[in-house]
Amino acid sequence: MIFFKRLISVLWLFLIFSCIDPNGKKPHVTTPYSLPIPQGFPQPALPNDNILTEESIILGRLLFYDPILSLDSSQSCSSCHNPSFGFTDNGKIYSTGVDGSIGTRNSMPLHNLAWSKRFVWDGAMPSLREQALEPIQNPTEMKENILNVVGKLENQPLYEQAFNAAYGDPEISPDKIGLALEQFMLIILSGGASKFDKVNAGIESFTTEEQLGVQLFNAESNPNGSPKGGDCFHCHGGALFTNNTIVNNGLDSVFTDLGKGGITKLEVDNGKFKTPSLRNLAYTPPYMHDGRFQTLEEVMEFYNSEVRSNSPNLAPGMTGFIQSHSNGSQGLNLSLSERQAIVAFLNTLTDTQIETDTLYQNPFN
Amino acid sequence: MKKFLIPLIVIVGLLSSCNPNENPETVDLEVRFTPLFNNTKLSYEVEPLYQNNTGDTLIYSRSDFIFSNFKLIAEDSSIINFENTYAFIKGAEPDTFVLPLSIPSGHYVGLTFDLGLDSAINHSDPSSWWPSHPLNPTLNNLHWGWTGGYVFAALEGYYQNMGVKTPWLYHIALNENQTNINLSGSFDLTDFKTLEIKWNAEMTFSNLYSLRPVIDGDFTHSSNDNGLASKVAQNLSTSFEIGVLNDRNP
């Protein structure tokens with residue numbers, strides 16, 4: 001019995017001493033952040049090695065809005081991903097880098113990336129943490145060496161505190177910068193606040209035109225019959241309004257931008273680009289990877305009658321868009337009013353909260 | 001003497017529990033999927049494939065499946081049901097799935113499963129499935145939103161139409177196309193094994209029905225298609241077969 005009591009005492013002492021940091025520091029405590037998944041969205045596969053915390057999200061937000069990340073401290077990530085434009089570049093076709101260089105692709109919106117597996121138009125980036133560091137070092141964008149960024153951040157007391165809060169250590173590294181930016185981008189959501197979401201929740205109703213747009217959006221191509229269909233939902237279905245695939249939607253017969261093929265060097269991947277979400281389209285003109293369409297009406301005209309049937313590697317899912325119809329043309333054969341109805345429906349996906357949500361705003365303002 | 005008896009019993013018990021030759025009472029079964037075309041491993045995207053029976057030259061770019069209602073048929077005709085087991089198979093990157101650890105060790109003569117899902121599951125809330133679940137839409141990319149439930153088989157590719165590379169797409173969906181698949185075989189599941197299921201992809205076009213994209217249609221989303229999806233589903237029903245059974249470490 002005495003032996004047993006002694007054993008318990010020893011165990012207590014062991015437990016007490018094992019909780020004390022040998023350097024006398026307090027244990028690092030962070031605040032978990034639970035992503036508020038909008039109603040109807042699938043459950044996302046968030047990275048297990050970068051658990052969301054309030055401290056890392058705050059750090060990521062600081063970095064996202066800080067021009068110190070660019071060569072001459074003139075541009076931040078938000079310069080080309082402005083929340084007032086659905087995290088795109090202020091309506092521009094192409095973005096301009098710190099030295100005046102012009103990019104070659106339209107700035108993509110950043111909402112709902114927690115559900116995405118590949119990033120940027122050609123899907124070259126397998127993770128947000130890797131993507132986050134690319135524009136910083138891209139010579140046509142922020143044009144800065146990532147090690148210089150580390151050096152500049154180390155001179156800022158703000159970042160010493162922010163990195164310490166996020167990681168329990170003020171040391172700054174490129175990996176930590178990427179992880180923090182990943183956290184901030186993962187929490188940017190669009191869902192629940194649009195008219196579409198409110199209709200789904202029974203709070204609002206569609207107009208007659210919007211209702212027709214929904215029907216056409218969810219109906220298959222039927223150019224020679226009635227009712228017609230827009231065949232949109234196969235690639236832009238579900239709560240996210242994208243299937244996140246990388247495909248050729250038939251914009252061109254000859255490619256000036258190889259898309260995924262430029263990365264894989266495979267001919268079968270030429271002309272393939274990421275299928276974007278249709279949420280917040282009203283914020284994000286112009287459209288397509290090269291910003292060739294200024295309006296949704298132009299986009300609808302393309303899908304109605306201008307999909308290139310001879311485009312190499314045309315996605316099999318585009319077969320419905322190149323059907324011949326009785327007047328000798330090819331395409332969906334939607335009338336002007338039917339196309340307008342689809343546009344009216346697409347505009348119900350506008351979510352003004354992305355512009356105003358304090359979680360996403362510039363912390364330096 | 002008595003004081004040695006209990007330790008002796010314990011030691012004998014421990015030793016017998018370590019006997020490597022003893023079969024477990026229940027096992028699980030790992031299933032591996034092998035897509036073939038004319039008995040050769042199916043190559044996606046690139047390689048033109050010649051369909052001997054129809055004369056078409058084809059390319060597969062996608063063959064994704066959702067399976068459910070797995071049942072193992074024992075030698076004595078008893079049936080082991082796996083009611084809540086679903087499998088998503090991405091043909092171009094086939095992974096394995098596991099029928100859970102509830103299979104009585106023994107000899108089996110058949111495996112049956114459904115291509116597709118029962119109506120209740122097909123139309124259940126897709127947001128309820130956890131991220132790694134086969135029915136999570138972000139994982140399988142086979143859900144049609146609020147309109148039509150899941151696509152049970154997404155088969156896509158290209159065919160030569162008068163010398164022009166032309167896309168084909170057969171998406172098999174809707175409850176009427178839920179299709180039972182019966183596979184006969186003879187396999188001992190007295191230990192942990194991996195069972196290969198072969199899929200003969202050429203049979204999509206030539207099996208119960210001969211289907212030529214240029215004549216019978218090069219796309220279907222399972223409605224308004226003159227029965228094309230139903231014919232494809234029936235062709236698929238006998239396009240699978242049992243392959244090899246290999247030992248594995250659980």
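**Entry 1: a methionine to start with**

I began at A:M288, which is partly exposed because 18 other C-beta atoms lie within 10 Å of its own. For the record, a residue is buried if 20 or more other C-beta atoms lie within 10 Å of its own, exposed if 12 or fewer, and partly exposed in between, with C-beta atoms placed from the backbone. I then looked up the backbone angle: phi of A:M288 is near 80°, a positive value in a residue other than glycine. I found A:M288 in the loop between strand 2 and helix 12 of chain A. My helices (H or I, at least four residues) and strands (E, at least two) are DSSP runs, numbered from the N terminus.

**Entry 2: ground rules**

I am working with a predicted model, in which local features need pLDDT of at least 70 and side-chain atom pairs count only at pLDDT 80 or more, while totals for chains, interfaces and linings use all residues. Residues are numbered from 1 along each chain as its sequence is written, and chains are lettered from A and ligands numbered from 1 in the order in which they are written.

**Entry 3: how confident is the predictor in chain A?**

pLDDT is the predictor's confidence in each residue, from 0 to 100. I noted a mean pLDDT of 92 for chain A, with 93% of its residues at 70 or more. Two residues are in contact if their C-beta atoms, placed from the backbone, lie within 7 Å.

**Entry 4: chain A as a whole**

I listed 14 helices and two strands for chain A. Its C-alpha trace spans about 95 × 55 × 40 Å along the principal axes. Of its 365 residues, 45% count as buried. I also checked the contacts in chain A with a separation of 6 or more, and residues 24 or more positions apart account for 67% of them.

**Entry 5: cis peptide bonds in chain A**

I went back to the loop between strand 2 (273–274) and helix 12 of chain A, where A:P286 has its place. A cis peptide bond joins A:P285 and A:P286, with omega about -5°. I noted another cis bond, from A:S226 to A:P227, with omega near 0°. A:P227 lies in the loop between helix 9 (208–217) and helix 10 (233–236) of chain A.

**Entry 6: helix 12**

Which residues of helix 12 (residues 296–306) of chain A are buried? I wrote down A:L296, A:V299, A:M300, A:F302, A:Y303 and A:N304. Helix 13 (336–347) of chain A is included in what covers them.

**Entry 7: over to chain B**

I counted five helices and 14 strands in chain B. Of its 250 residues, 39% count as buried. Among contacts between residues at least 6 apart in the sequence of chain B, 77% join residues at least 24 apart.

**Entry 8**

- With strand 7 (residues 96–104) of chain B, strand 1 pairs in the antiparallel sense over six bridges, and B:V27 stands opposite B:I103.
- With strand 12 (residues 193–200) of chain B, strand 1 pairs in the parallel sense over eight bridges, and B:V31 stands opposite B:L195.
- With strand 2 (residues 40–41) of chain B, strand 1 pairs in the antiparallel sense over two bridges, and B:F37 has B:T40 as its bridge partner.

I looked at the hairpin of strand 1 and strand 2 of chain B too: two residues sit between the strands, and B:N38 takes a positive phi near 50°.

**Entry 9: another asparagine**

I found a positive phi of about 55° at B:N226, although it is not a glycine. B:N226 is in the loop between strand 13 (219–220) and helix 5 (228–237) of chain B. Is B:N226 buried or exposed? I put B:N226 down as exposed because 10 other C-beta atoms lie within 10 Å.

**Entry 10: where the chains touch**

I noted that the contact takes 27 residues from chain B and 23 residues from chain A. On the side of chain B that touches chain A, helix 3 (137–140), strand 9 (151–161) and strand 10 (164–173) each supply at least two residues. The largest share, three residues, comes from strand 10 of chain B. I sorted the residues of this side into 11 nonpolar, 13 polar and three charged. Here Ala, Val, Leu, Ile, Met, Phe, Trp, Tyr, Cys and Pro count as nonpolar, Asp, Glu, Lys and Arg as charged, and the others, Gly among them, as polar.

Terms used: Two strands pair if DSSP finds at least two bridges between them.
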